[in-house]
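Here come some questions about labels and the values behind them. Please look at the model before reading the answers.

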Amino acid sequence: MSLPALIQGCLEKNTKSQEQLYQLYAGKLFSVCLKYSRNYAEAEDNLQDGFLIIFDKIGQYKFTGSFDGWAKRVMINNVLQQYRKTPFLELVNDVVDDASIEIDDENMSLEFLLKIIQELPDRYRLVFNLYVMDDYSHKEIAEMLGITIGTSKSNLARAKMSLKEKIDKSQEKIFPSAK
């Protein structure tokens with residue numbers, strides 16, 4: 001069945017169409033949820049909640065632009081909405097110098113990188129993923145999270161510093177310096 005036909009079926013609340021749309025997009029959208037969530041179980045919850053929103057609001061998709069992009073945006077907004085319910089956004093406003101991260105990718109698994117990103121404090125993880133992984137500007141991030149642009153920049157720098165420290169520690173274990 002074509003994507004427009006699936007979307008039309010979802011508009012008509014056809015459960016077979018909803019199931020097929022879920023099967024088609026669950027993998028892609030789960031990876032989005034996993035990036036923004038603290039752990040696997042939270043990502044699963046966010047995926048389920050996000051699909052309920054997609055099915056409820058599918059009439060807002062106007063067949064302009066990609067459905068993939070629209071669905072991804074719904075998922076990201078759903079996860080961010082979960083965080084808006086908690087007072088984690090009491091953020092530091094000082095700007096920290098931008099840290100660069102050198103990664104020896106041959107010795108760094110994707111699972112390890114995802115794990116250390118998930119271990120970041122919520123405010124750092126959200127800003128890092130929005131900026132680095134999903135290419136939002138600091139202005140857009142500030143608007144989405146209700147923070148200042150400076151706070152967004154500061155939290156990105158702190159996220160990078162924290163990741164750099166964890167990567168450095170990991171690489172020290174792999175390549176201990178000779179004494």
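The questions and answers below go from the whole chain to single residues.

This is a predicted model: local features need pLDDT of at least 70, side-chain atom pairs count only at pLDDT 80 or more, and totals for chains, interfaces and linings use all residues. Residues are numbered from 1 along each chain as its sequence is written, and side-chain values use heavy atoms, with hydrogens and water left out.

Q: How many helices and strands does the chain have, and what counts as one?
A: The chain has eight helices and zero strands. Along the sequence the pattern reads α-α-α-α-α-α-α-α.

Q: Why is S37 called buried?
A: Buried means under 20% relative accessible area, exposed means over 50%, and partly exposed lies in between (1.4 Å probe, protein chains only). S37 has 0% relative accessibility, so S37 counts as buried. The residue sits in the loop between α2 (15-36) and α3 (40-57).

Q: What does S37 touch?
A: Leaving out residues up to four places away in sequence, S37 touches E42, A43, N46, Y83, Q118 and R125. A contact means heavy atoms within 4.5 Å.

Q: What makes D134 and K35 a salt bridge?
A: The term needs a side-chain nitrogen of Lys or Arg within 4 Å of a carboxyl oxygen of Asp or Glu. In D134 and K35 the closest N and O atoms are 3.0 Å apart. The pair links distant parts of the chain: D134 is in the loop between α6 (122-133) and α7 (138-145), K35 is in helix α2, and 99 residues separate them. The structure holds nine salt bridges.

Q: Are D134 and K35 buried or exposed?
A: D134 has 11% relative accessibility, so D134 counts as buried. K35 is at 15%, so K35 is buried too.

Q: Why are E119 and K115 called partly exposed?
A: E119 has 40% relative accessibility, so E119 counts as partly exposed. K115 has 46%, so K115 gets that label as well. E119 and K115 form a salt bridge, with the closest N and O atoms 2.6 Å apart.

Q: What makes a nonpolar core, and which residues have the most contacts inside the largest one?
A: A nonpolar core is a set of buried Ala, Val, Leu, Ile, Met, Phe, Trp, Tyr and Cys residues joined through side-chain atoms within 4.5 Å. The largest has 46 residues, and L21, F51, I54, F67 and L130 have the most contacts inside it. Helices α1 (3-11), α2, α3, α4 (67-84), α5 (110-118), α6, α7 and α8 (149-174) each supply at least two residues of this core. In soluble globular proteins, nonpolar side chains tend to be buried together.

Q: Which residues does L130 contact?
A: Neighbours within four places in sequence aside, L130 is in contact with Y36, I76, L80, D135, Y136, I141, M144 and L145.

Q: How do you know that the buried residues of α7 line one face?
A: In α7, H138, I141, A142, M144 and L145 are buried. Seen down the axis, the buried residues fall within an arc of 165 degrees, so they line one face of the helix. The arc is that of the directions from the helix axis to the C-beta atoms. The face turned away from the buried side carries the exposed residues K139 and E143. Just after α7, G146 takes a positive phi of about 70 degrees.

Q: Why is S137 called partly exposed?
A: S137 has 30% relative accessibility, so S137 counts as partly exposed. S137 is found in the loop between α6 and α7.

Key
Helix = DSSP H or I, 4+ residues; strand = E, 2+ residues; numbered from the N terminus.
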